[in-house]
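Please read the following notes with the model open beside you.

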Amino acid sequence: MANMRISNLHLQFGGLTAVNNLSFDIPDHAVMSVIGPNGAGKTSLFNMITGFYRPTRGEILFDGVNIVGKKPSQITAMGMARTFQNLRVFPNLTVLENVMAGMHSRTKQGLVGALLRTPGHRKEEAWIRQVAEDCIRFVGIEAYTDRLAKNLPYGAQRYLEIARALAIQPKILFLDEPAAGFNFSEKQDLIGLIGRIREAYRIPVVLIEHDMGLINKVSDHIMVLNYGQKLAEGTPQDVLNDPRVIEAYLGKEEEDEAV
Amino acid sequence: MSTILDVKRMETFYGKIQAVRGVDFTVKQGEIVALLGANGAGKSTILKTISGLIRPAQGSIAFMGEDLTKKEPHTIVEMGVVHVPEGRRVFGGLTVTENLELGSFIKKKDKAKLAQNLDMVFQMFPRLAERRKQMAGTLSGGEQQMLAIGRALMSEPKLLMLDEPSMGLAPIVVIDIMKIIKQINQQRGTTILLVEQNAKAALKLAHRGYVLETGSITMEDSAANLLADDNVVKAYLGVH
Amino acid sequence: MENATKQTVVLNRPKINAKSSALAALMVLAAFFPFFAGPYWLDVGFLAVFYIVLGLGLNVVVGYAGLLDLGYSAFFAVGAYTTGIFMTQFQMNFFLALALSGIFAAVAGFIIGAPTLRLRSDYLAIVTLGFGEIVKISAKNLEFTGGASGIYGIMSPFPAPSTFMGITINNLTYCYWAILVLAVITIIASKRLGQSRIGRSWAYIREDEDAAEAMGINRVRSKLAAYSVGALFGGLAGSIFAVKMTAIAPESFNFMQSVMILLAVILGGLGRISGVVIGAIIVIVLPESLRDLNKLIHLDVDIDRYRFLIFGVALVILMIFRPQGLVPESRGKE
Amino acid sequence: MEFHLTTDIFVQQLINALIVGSFYALIALGYSMVYGIIKLLNFAHGDLFMVGAFVGYTVLAKLTGTGESLLGMGLAFVIAMIVTGFLGMGIERIAYRPLLKAPRLSILITAVGMSLVLENAIMAGYGAKPYIMPVTLPTDGFSLLGAKITYAQIGIIVFSAILMIALQWFVHRTIYGKAMRAIAIDQTASSLVGINVTKVISLTFFVGSFLSAAAGMMNASYYGSLTFTMGFIFGMKAFTAAVIGGIGNIRGAMLGGLMLGVLETIGTYQFGGEWKDVFAFFILIVLLVVKPTGLLGQKVTERM
Amino acid sequence: GNPDGAKSASGSAEGSASGKEIKIGMMFALSGNEAKMGQDMKQAAELAAEEINAAGGINGSKIKLVAQDDACDPQTATAAANKLVSEGVTAVVGGYCSGAAIPATGVFHQNGIPTVITAANSQKIADQKFPEIFMINGTGVHQAQMATEYMVNKNQAKKIAIIHDNSAFAKDLGEVTKKQVESAGGKVVVFDAVNPDETDFSSLVSKLKQAQPDATYWTAYYKGGGLFIKQFKQQGVSGIIGVGDGANDKMLIDIAGKEAAEGTFITNSPTAEFLPEAKKFIDDYKAKFSQEPGPYSALQYDGIKLMADAIKRAGSTDKKAITEALAKTDLKTLTGQVSFTPQGTLMKSNFVVLQVKEGTFAPSK
Ligand SMILES: Nc1ncnc2c1ncn2[C@@H]1O[C@H](COP(=O)(O)OP(=O)(O)OP(=O)(O)O)[C@@H](O)[C@H]1O
Ligand SMILES: Nc1ncnc2c1ncn2[C@@H]1O[C@H](COP(=O)(O)OP(=O)(O)OP(=O)(O)O)[C@@H](O)[C@H]1O
Ligand SMILES: CC(C)C[C@H](N)C(=O)O
Ligand SMILES: [Mg+2]
Ligand SMILES: [Mg+2]
């Protein structure tokens, strides 16, 4: 089971400090939400954990191994999976092919197998296909299996990214604003999916979201970032009522909150 | 109030897929009209059709009495219809200021106006003012959204069409943006056609609303009535 | 979940459908081509099939992996020179030289790939162009490559000319068959690679490098594989080319040659095997067939003056009317 | 034979490098602008350099006829640049615009096609022989630190510099320049702020071809002759120069052109003419490995 | 395939023409950079064929010329060569670019077609030792001898610079000349190359200026040669300058400019205007095409005449017989008396050294 500890993580872009001396743990089996104002450094944090940005300093320990400096592909192979805030599906490939990508680090057939169509190769191909189809069904977009990703409705593309991440068979799943652009009932579906993921996969899910309704429903644990620093951390109850969080992030509407 | 935008029997296709199936609606001078609907209902497509990015197969789009269906996007902007597209689409490799300057492309001859409008936008979004020289591509999601709206305002539109302006924004910013939309509408008299997933926020702002389902309008009413409607509440607003 | 999925293994058996039987028929027809073509059309036929192999090789790099390569002729130069040098200098057996040509070319692909992998496609284009020029110029300047006039006197490794059914079977005929066999192998290999794990990894990289990396795909390794495989095909083709020409010169490996191979790849439809096949045939046969235009239209104009003008116009028109390439895309049905 | 660099040789070589570099840079600019805006490697661009020279030649041959007329020369330049500018626009209209939404590489084919068309049309029309410019630049000059420098050389360098500075100003300071850069990033978004995208693309082709023709005319009058194949090698060199500088970047194209001129000169001097291209390309590759976006090209960070 | 091509292909099996017509194939560049040379040669051949046919043809059969474009490119050249084979030509006369001629002669050899290479003159063509191939232009060795003789012996040049353009032909000539110069006691101080099609040689010229050669020899073509001479004179490099036969074209003088070209020497086989016998040829050529003949027009004209002579002597269109007849050629042509060595090269080279005088080539004293 996954165990992730982040300590003194720091990221600098020229004069701008995107993440500032951040330390925290990702608890096992939990859904952890990272929230915070736009530009607080949430996505940057994901990018560092998954190897796309190299921290200026600090450590990211995954099962006791410091993964700073590793390539994204190596980190993925270790069991980290993510989705992207701005959709990054493979536009001209079918949904199935998209999801099959996730299986890459779990398989090993190379040139020779492919050229000779060895039994091992064929078996592995069938397995890849099988897992991919399962993942597609799991998130519920099987109706689109053979469609090109770019022709999918926006929401389905978000689900596609999740299916693709699940095909990695990850030890931790990172979702960057999975509900962006969803309406209320769609958000309910997503909440359901996150619940099913935690049940079926028994892995920590870390998500970035701006939708408090959703955050409130799915999270076990919330961390709030502001200007790259940790502003608050704890249970939804505590965090969402923290006046500092309200002031910096939630704001006050005349009546009640937007969904 | 006079009708500023009059859409009749609009049908739009992507290749063989029909995304909009005979839609009729109007927007009156000075109104905020919300367009609600599920993912893939065709909301963005309607906006794209109005702003000339896609040609409708059928129907008419009259803006202040003039038909838009055969006009190029840039001409439509010149007529005063500005579309802030889904997904922000700021010019990543240009600075914040350059993005805003391009927003007033159609007013390129008027330097004074440019300066004045720049000030206005920076006042509205102080966060952008801090980042004048930053490449737009490195702004955070919320910052980019502000820039996209700011850029649209630079041309002083008569009709501003916003496609999911609250997407990806922190709640506090959503509140701000909604306030700003209201402010734009009230202070500048800009008519606004608003596509939103955040139905509650949208309806609180809007005067009227339309609900779109798989390419057809299924409901049309005042915002207050829609907010109170059972079906709308179930599908788009949720109950706490 | 893992266990559940591992059990149900469905082997996808190759289906014998209309398309593949048509293809087989076409192959048989192609094999008998020497019996109804004269030496000229056989020569053109050789070049067309040769271009099919080169096109498919380049297609791995450009079509599959999305890496623009403007110096592909360098790889076929490596193959041709390897064969030329080893056969004339060391009297090496042709088949050994052929294998060596493939290997050397693949290594060359690796060498050019390695330092340039961080580059995005268009920068890669110029690096490959530069590499192509470096190879060509070096071949011109170096002693062991025969300098500017290249290598001549490459002996035919095939049986002496003979007559069969009234048709002379000579070096050209054998070379045609050899390149045809190579083309068939290349087609099958391309197809299999395209549908494999590694082929998909190329597609992922082509579509979105960062997302591919996030899926655990090592872009460096994947790109190197694409380069090497593409170069391997080129090297093998170059080897047969050397034997067919009996003499090779640096001028055969110039930039325009690389561009023409690229044309073959794009014209028919990037990434599609049938597209590359058709593209290659057009690129070779169209300008050649214009040699006979005079006879067909009975016009007394100096057609050679206009040959490439017409070819150029044809390219523009073809693309305007079939922007996706001549062979339509069949996947991702709506 | 020992070659040691003396001042006169150094100055002489520097001037040589600047002259060739100016030609490269002017063509590279068009390459880079077109690439920047529609991501097309415009293979036909080098041929516009050649066409520019032929147009200028024709004007000179028809109009001036006799003697060295500075006015005639000026007129030939202006006509060549404008005619070629419009030709560039026409090519964009016919061969590229219908394909702007097609897969990126298919437009490459029409570019190769147009290159063949231009080259072979000139050959069909003018024949394959080289032409001699009826008016050539004067060869008198002065001596600087032992090097012989002609007024014509100074003229070429100055004229190129003026064109490049003007372009720099145009692209970075005027709204049309910004519109070009915006279109390069996102055509749809550009049209949504009211930019007439097709018109600005057309304008870009005009400007690029215009500059290319200027280089073509300067080249033909400086060396005194022109042939229908002269565009190919210059096109290729200019492409290289554009990439050295960072393709899509205007300042980069200028810098790249000049740098390539210098590299070739050093290459010829140190390694001999037969190796100079190897030297230049080798440096190019090393440069790109160290700085993958060219000298001035900036990496547009895409957000995840 | 093309029905027309297929038909002619099947007719070609025996490679002999009907009694009425003898097909003679020709190949040279009709497109691309060297297209002008090809066009000049093609016209000269037409003139020759017309004369032969007007005089009753060869043994009663008329000559029919078939020209194919080799684009001066090896790959196109083999297609062109095979095209000629397919068309059933009895013999081939032509060839301007050595690079294209080398692989093309391989095709002719494989098909046993007697071939006279008229202009291309790389030694490597002969080195292939194909018995069917004959060359009527002097090879590089001959030419290098002339150049060395002129520079080292006649003009007492000690320091020699040799510039080529890295093409098969020019580099070979450069290298052979280098060897000869050195064995004649001269020293090659610069041996360098330019790129074909390039226009700026100033940095090379600066280098030459520093080396101060007594004589500079350009072995490449006239387009670059003209520019080279111009820049050479502009920068005031020391010593005399000369060019090889690749630069044999009047355009050389035009490109260099009359003043700069003055005094330039050139080694080449005599062009028609220096041959009293050729006066009629020039007049006829001008009358027919309203153009001056090109530098290799006369050789191509000779080639056709020579081939006609061989076919006549062979008494049939049998290729072996023609090849044998060719080997025994002893014919007076416009460009001199032609007979062949066992390698198929000219027994006696007819190279001369000319010099530019007042804007034209003139025999050097
Ligand atoms: N590649 C980059 N170069 C320069 N600055 C960057 C880069 N990536 C991020 N930043 C800056 O770092 C800060 C944090 O950005 P980040 O994307 O992590 O924010 P976020 O918390 O995900 O915001 P949002 O909720 O809007 O997505 C922002 O100010 C952003 O402009
Ligand atoms: N470029 C396209 N090509 C093909 N189909 C498309 C394209 N864009 C949209 N569609 C389809 O058209 C329909 C309407 O899409 P549209 O983007 O207008 O929906 P929307 O209401 O804006 O949804 P969302 O809330 O997800 O933005 C969807 O079914 C979508 O799949
Ligand atoms: C001088 C020319 C007749 C030489 C010819 N171009 C060759 O390549 O051999
Ligand atoms: Mg973010
Ligand atoms: Mg939408």
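1. Chain D and chain C bury about 3900 Å² between them, with 80% of it on carbon and sulfur atoms; buried area here is the accessible area (1.4 Å probe) that two parts lose on being put together, summed over both. In chain D, the residues that lose the most area to chain C are D:Leu105, D:Ile109 and D:Leu116, which together make up 15% of what that side buries. The model is a predicted one, in which local features need pLDDT of at least 70, side-chain atom pairs count only at pLDDT 80 or more, and totals for chains, interfaces and linings use all residues. Residues are numbered from 1 along each chain as its sequence is written, chains are lettered from A and ligands numbered from 1 in the order in which they are written, and side-chain values use heavy atoms, with hydrogens and water left out.

2. Contact (heavy atoms within 4.5 Å) joins 47 residues of chain D to 43 residues of chain C. Between these two chains the count of salt bridges is 0, a salt bridge being a side-chain nitrogen of Lys or Arg within 4 Å of a carboxyl oxygen of Asp or Glu. By contrast, 2 residue pairs are in polar contact, both at pLDDT 80 or more; the term stands for a pair of N or O atoms within 3.5 Å, and within protein one must be able to donate a hydrogen and the other to accept it, while residues adjacent in sequence count only if both atoms are side-chain atoms.

3. On the side of chain D that touches chain C, the largest share, 13 residues, comes from α4(D). Helices are DSSP runs (H or I, at least four residues), numbered from the N terminus, and strands (E, at least two) are treated likewise.

4. Ligand 2 lies between chains A and B, and 18 residues surround it, the closest being B:Asn39, B:Gly40, B:Ser44, B:Thr45 and B:Glu86; a residue is counted if one of its heavy atoms lies within 4 Å. Oxygen atoms of ligand 2 lie 2.8 Å from a backbone N or O atom of B:Gly42, 2.8 Å from one of B:Lys43 and 2.7 Å from a polar side-chain atom of B:Gln197. The protein covers 82% of the 630 Å² of accessible area (Shrake-Rupley method, 1.4 Å probe) that ligand 2 has on its own.

5. For ligand 3, a nitrogen atom is 2.8 Å from a polar backbone atom of E:Tyr96, and a polar side-chain atom of E:Tyr221 lies 2.9 Å from a nitrogen atom. The protein covers 99% of the 280 Å² that ligand 3 has on its own.
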